[in-house]
Amino acid sequence: MNTTSTALSFDWHGRADALAVDGRAFVDGRRAAAGTGLTRPTISPIDGRVLAELAACGADDVDLAVAAARRAFPAWARCGAEKRKALLLSLAALMEQHADELALLETLDSGKPILQTTTVDVPGAISTLRWYAEAADKQNGELPAVPPGATALVTREPLGVVAAIVPWNFPLEIAVWKLAPALASGNTVVLKPAEQTSLSVLRLAELAAEAGLPDGVLNIIAGTGREVGAALAHHMDVDALAFTGSTAVSRTLLEASGRSNLKRLSLEAGGKSSNIIFADTSDLPEAAAKAAFGAFYNQGQVCSANSRILVQRDIHDEFASLLADAAAGYRPEDPLAGLDGNGALISSAHADDVEGWIRRGRAEGEVLFGGERREIHGSDAYLEPTLLGGLGADHDVHRDEIFGPVAVLHAFDSEEEAVRLANATDYGLAASVWTSNLSRGHRVAGELLAGTVSVNTVDALGNTTPFGGFKQSGFGRDLSLHAFDNYTAPKTTWIQFG
């Protein structure tokens, strides 16, 4: 099936109007209202419609979910990797059958275009789930060298109950990045989606039950970070916590782990990534097209967005013109129209914050293109892709994570200066380098402090390669076999026989 033409041909507005959405939590194999009975409306940034009344869960609901996960853990851990693999593959097949529904929920909840959720987000989540399902029965132990008369076995053991707290920018995909390796390795999961974007993950839990996952293996608790997130972080019966979000929240999770049971943490905590374009780049139009993607895709709401664009001075003006042309493809459009372009930011309030950065950039430097706010379907949560210039390398726009369709252009003269500028940030999540010189590509990539360096492309990732950062971008890795390290620990069994 041509998914692009499908996205264009469907009446997504009609489907959205007819969609029935359940906002209750999912605990111990079934939907459940919050213990207090309280709800709060979840609102689409596309047009301000109320999508559902979402369960306003609290600490008591977290206790019930963690207790269900604890009860389910022994049997799930003992059922064997082949059984877990089969069940997770069944879940992936059900996700594929319900892909259009999941994509529509994701678009309505987050504001991102239906063309992206149907072709990238949902297929990506299914692919990652299948990858970890297939990896489940291919993990090996060790037989290390020991003195004569003994044998030592090293096995990888699941940690137990894993909590996951995931963000609103890629709700379903990042949820699967956490729960797939956790479940595949024998853990049970209590997941808190972002309060803005809970619907696709709640539907996923229903599909998991339909696929045959036992009650309590996967639980979804909707609620705020202050209540549900804090309760999970401090819970004495949660063995590990996986998080994607801000550095500020990561610090509170570290403190909570220390004050509770020293639960294992894996933290992906944001970034301020650079894209370095050298004058010897062989295809500047391609570099500009990729730079626009790296800065403006998903409305710029990407933790690894290449929003600091460093261009060698000799090509600065030419590249700025090419980038302006490429950025036109990221102007906001109706997210349900099935068109190319960007959608809505997560909320009008967040658009206000991002627009504040644009105003500051205009006052203290210059807006090279973009900078305008748009209204679509009565919502003002839409912003044009924006490039700022004329701001010193020590300006806050080079250092703070804006999390919107705003990039800054800065000229450099030498390779050494480019590396110094790129590394002059508290973060170390990603970076990109464009050059036709293979030696330079290797040399600069080795000097950049980033978890992923993309050479002659941007923001490269896949199921087989680890994703995570250095410095204040956190620790632990999503994706690849390395993600199993977040959810397992080595156990030594020493047998003395002589």
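Student: Which residues form one aromatic cluster?

Tutor: A pair of aromatic rings is described by the distance of the centres and the angle of the planes. Rings of Phe, Tyr and Trp (its six-membered ring) pair if their centres lie within 6.5 Å; planes under 30 degrees apart count as stacked, over 60 as edge-to-face and the rest as tilted. Here Trp 131, Tyr 132 and Phe 484 make up one such cluster. The model is predicted, so to speak of local features requires pLDDT of at least 70, and side-chain atom pairs count only at pLDDT 80 or more, whereas totals for chains, interfaces and linings use all residues. Residues are numbered from 1 along each chain as its sequence is written, and side-chain values use heavy atoms, with hydrogens and water left out.

Student: How many aromatic pairs does this rule give?

Tutor: The count comes to eight aromatic pairs. Among them, Trp 177 and Phe 467 are edge-to-face, at 5.6 Å centre to centre and 65° between the planes. Trp 177 belongs to helix H7 and Phe 467 to the loop between strand S20 (452–455) and strand S21 (470–471), so the pair ties together parts that are 290 residues apart in sequence. Helices (H or I, at least four residues) and strands (E, at least two) are DSSP runs, numbered from the N terminus.

Student: Are Trp 177 and Phe 467 buried or exposed?

Tutor: Buried means under 20% relative accessible area, exposed over 50%, and partly exposed in between (1.4 Å probe, protein chains only). Both Trp 177 and Phe 467 are buried. Another pair is tilted, because the rings of Phe 293 and Tyr 297 have centres 4.8 Å apart and planes at 35°. Phe 293 is partly exposed, with a relative accessible area of 31%, while Tyr 297 counts as buried at 14% relative accessibility.

Student: How many residues has the largest nonpolar core?

Tutor: In soluble globular proteins, nonpolar side chains tend to be buried together. A nonpolar core is a set of buried Ala, Val, Leu, Ile, Met, Phe, Trp, Tyr and Cys residues joined through side-chain atoms within 4.5 Å. The largest one has 102 residues, and those with the most contacts inside it are Met 95, Leu 191, Ile 309 and Phe 319. Helix H7 (residues 171–184) supplies the largest share of this core, 10 residues. A second, separate core of 25 residues includes Ala 55, Val 66, Val 190 and Ala 233.

Student: With which residues is Met 95 in contact?

Tutor: Contact means heavy atoms within 4.5 Å. Leaving aside neighbours within four places in sequence, Met 95 is in contact with Leu 102, Ala 125, Ile 126, Leu 129, Leu 172, Leu 204 and Leu 207.

Student: How many salt bridges does the structure hold?

Tutor: A salt bridge is a side-chain nitrogen of Lys or Arg within 4 Å of a carboxyl oxygen of Asp or Glu. The structure holds 35 of them. One joins the side chains of Arg 70 and Asp 239 (2.6 Å, N to O). That pair links distant parts of the chain, with Arg 70 in helix H3 (residues 59–78) and Asp 239 in the loop between helix H9 (225–234) and strand S9 (240–244), 169 residues apart. Arg 70 counts as partly exposed at 24% relative accessibility, and Asp 239 is partly exposed with a relative accessible area of 25%.

Student: What does Asp 413 form with Arg 313?

Tutor: Asp 413 and Arg 313 form a salt bridge, the closest N and O atoms being 2.8 Å apart. Asp 413 lies in the loop between strand S17 (406–412) and helix H14 (415–423), and Arg 313 in the loop between strand S12 (308–312) and helix H12 (316–327), so the pair ties together parts that are 100 residues apart in sequence.

Student: Where do Asp 352 and Arg 373 lie?

Tutor: Their side chains meet in a salt bridge (2.7 Å, N to O). Asp 352 lies in helix H13 (residues 348–364) and Arg 373 in strand S14 (residues 373–376), so the pair ties together parts that are 21 residues apart in sequence. Salt bridges that share partners also join Asp 22, Arg 24, Arg 31, Glu 101, Arg 203 and Glu 206 into one network.
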